[in-house]
Amino acid sequence: MNRGIAITGMGIISAIGNNVDENFRALTNSDKGISRTDNIDTIHKDEIMFGEIKKSNDDLASELGLAADHNFTRTALLGAFAARQAVANAGISNMSEYKTGLINSTSVGGMDTTEKHYYEYFENPDTIKFISAHDGGDTSQKIAEIIGLEGFVTTISTACSSAANAIMLGARMIKAGKLDRVIVGGTDGLAKFTINGFKTLMILTDTYNTPFDNDRKGLNLGEAAAFLVLESDKIVEKEGKKVLARITGYANANDAFHQTASSENGEGAFLAMQKAFKVANLDPTQIDYINMHGTATPNNDLSEGRAVARVYEGKDVPDFSSTKAFTGHTLAAAAAIEAVYSVLAIQNGVVYPNLNFTTKMAEFDLVPQTELKHKNIDHVLSNSFGFGGNCSTVIFSKN
Amino acid sequence: MEALKQELKEKIIAVLNLEDVQPSDISNTDALFGDGLGLDSIDALELIVLLDKDYGIKLTDPKEGKNIFQSIDTMAAYVEANRTK
Amino acid sequence: MAKTYINGIGCVSAQATTAGFPSEFTIDENANFLELVKPDYKEYFSPIASRRMAKGVKNGIVASTLAMRESGVENLDAIITGTGMGCIEDSDKFLKAIIDNNEQFLTPTSFIQSTHNTVASTIAINLGCKAYNFTYVNGAVSFESALVDAKLQFDADEVSNVLVGGIDEMTEYTKSLFKLAGFIKPDDSGPHDVLGSKTKATIFSEGATFFMLSDTKSESTYAELLDIETINKVGVDAVAHKAIEFLQANNLTQHDIDAVVLGFDGDVEFDEYYKELAREFAFTPQIFYKHVSGEYNTASAFGLYVGANVLKNQEVPQQLKINAVEKPSYHKILLYNQYRGIDHSFTLISI
């Protein structure tokens, strides 16, 4: 196994909690965060449920201490909220002490605000300030501003695998010595744009999502933000930092099959996992828990399940679950919140339950862990897949 | 029925943005998906909305589309039997 | 540590660049938006294959095809793109449909195609390329982020051939929003002097520029990519110092630089950054290009296209010269870009 890159801080906000502790408590108490929407004015509000964060934009802005005339979108507010927590958790007081970067990720950036003001811009001069807040890069600039970071800032947007790719780039930049410290993660606020988008694909369930269940009907959309602080071993040693866990493996591969659907045999997912094992120098059997992408769409769970079955052909598949039943599918942020959950699984020795599961899928013999399970966990594999065949795997290991 | 088939061909060409394809290029019996016209699952979702919008037919399960959209013949027969507008 | 060579370039822009590096550029000083010179798309894909492709995707496919063709490379180890605004044609279309139809009768195509990584994934699907596939969306350093990523992989000896590109497209509605927000100069406010501008905002455009990066030199090599650095925020007074630091990190001084390519875009509010560097490099040949390419988040990829061609041709096109300084030969070029005072980038290329 390679030594990996140290994780020294985490921050998160999701439908199951406003910080790391609240998220962990919900995961271990089987408290799901799926509900009707309070914040979004959509005609579908009585048909579908969401992994919605109940804090309003005004709540978030006031907690961040923003001036009344700010132009933060919900995606930026959530991102700044989680990133600030991560920085505090890592005990960083002087951001410019080391060469520090921010690698954020988002799928739709400031779309939540754009869709509110789209035609209003020409009538209401107060809204013009949001025109520049639409693109993903603006979201990251805002987060950098809140945490006081000047230097390398970038944003990855590969749909639902985005944050996994941000984590991967961060780990690679530390490994190469390009950065000493990097804050990596992702953020996505709920928007009518994505709600209606997924609705047209007919992959939204009208009830609670049921990952890996034979009768699964689709996903619940969610919103969230989470960030990890990665630091070089030089800093860790010099400052005697507590290492929460390490990133030992990562890979991205492309399914090269279809713009939205995953291939039948999960080729991209299979390749991503294989490459990640190679980077980590781990054998698949050394994985103690797989945090699946598991969106509960018919296509994803079949394709991902087949890929996992291929990886573990002739061997026992490790305990696995999807946490999407708790949080909904939080798009670009998914891999970031699941990275936090993976680290917590290692720290606390738990496998989270895959909620809402009743019937095994007909296509293969895979049954997720449905009850909370305590055991020693050295390595967690986390999968994330996005539109455009984008498949990513990250492996987290005990320090 | 023939008029409906012609109408469906024109609509398919328009909603799927099939530049350079003429209604006469699509036979009534040819497969629309796979080896035939070469349409895929996203096109099927577009056609589901077409049925809803223009003929008042609501499909809730995308899998239903498979049988309905086999060919212009099957599509026209389904529309004829189920249209509400 | 492998080297990184630019072995092929494809460019779709407001100039006739698909036919090769222009010997003469079209300059329209009165325009506030430079219209794209549209390639003959049918040469690159069938109408059925392109039925869902918006302009940006089409341009991306054309530019990437040209870059690969020139280099002769067929197998890629990574596809990495950058786009500041993403696929806004489809995103505008889907958003308009949501609002205009009150969330009813929506179809998925424009939603699917609005995803920022559509160009990179379409290239992968077309080539059947299962390799690493990333897309960066960070304003004016979207393309440079892609370059940083590619360089990281060459440095680690992980790849031999990487396709890197910058793509941005514009729509009529976004154009009107950008005029409202003061990012595009008002209609009929020309003529515009990109270097000596006295007004705010810029002249805009769109385009796609792809580079085939390889670890070995070939007959088609333009230049070696030495280093890239991006900084989200820096003061005008510190920018020249940052440039010198960047050169020092590469064991160079400003005297080693044979030309600087500056992203002057005619916005008097932020031109000081470029003027500051122009003063620092007063005795170095200086090049500008946004009067021929227009401004867009990935216009700096057009700048790299210009820089690479200067090294290959050993000549600075007359229409792109800022000053009269000349060099007998061009070995090392420094590129600098920023947009609206943020997202600064330094790129260093060499022969």
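The second largest pocket of this predicted model has a volume of about 890 Å³. Here a pocket is an open set of points on a 1 Å grid over the protein atoms alone, where a 1.4 Å probe fits, with protein on both sides within 12 Å along at least five of seven lines, and lining residues have an atom within 4 Å of a point. Grid points are joined across faces, edges and corners, and the volume is the space filled by probe spheres set on the points. Of its 38 lining residues, Lys99(A), Lys178(A), Ile228(C), Glu229(C) and Thr230(C) are the closest to the pocket centre. In chain C, α5 (142-155), β6 (223-233) and α7 (236-249) each supply at least two lining residues, and β6(C) gives the most, with nine. Helices (H or I, at least four residues) and strands (E, at least two) are DSSP runs, numbered from the N terminus.

Residues are numbered from 1 along each chain as its sequence is written, while chains are lettered from A and ligands numbered from 1 in the order in which they are written. Local features need pLDDT of at least 70, side-chain atom pairs count only at pLDDT 80 or more, totals for chains, interfaces and linings use all residues, and side-chain values use heavy atoms, with hydrogens and water left out.

Turning to the nonpolar cores, these are sets of buried Ala, Val, Leu, Ile, Met, Phe, Trp, Tyr and Cys residues joined through side-chain atoms within 4.5 Å. Buried means under 20% relative accessible area, exposed over 50%, and partly exposed in between (1.4 Å probe, protein chains only). The largest core has 169 residues, and those with the most contacts inside it are Ile7(A), Phe198(A), Leu228(A), Leu230(A) and Ile80(C). Helix α12 (residues 334-348) of chain A gives the most to this core, with 10 residues. Beyond four places in sequence, Ile7(A) is in contact with residues including Leu228(A), Leu230(A), Val343(A) and Phe396(A), contact being heavy atoms within 4.5 Å.

Helix α3 (residues 74-89) of chain A is mostly covered, with 13 of its 16 residues buried. Gly91(A), with a positive phi near 70°, follows α3(A).

Finally, Lys54(A) lies in the loop between β2 (50-51) and α2 (57-63) of chain A and is partly exposed, at 40% relative accessible area.
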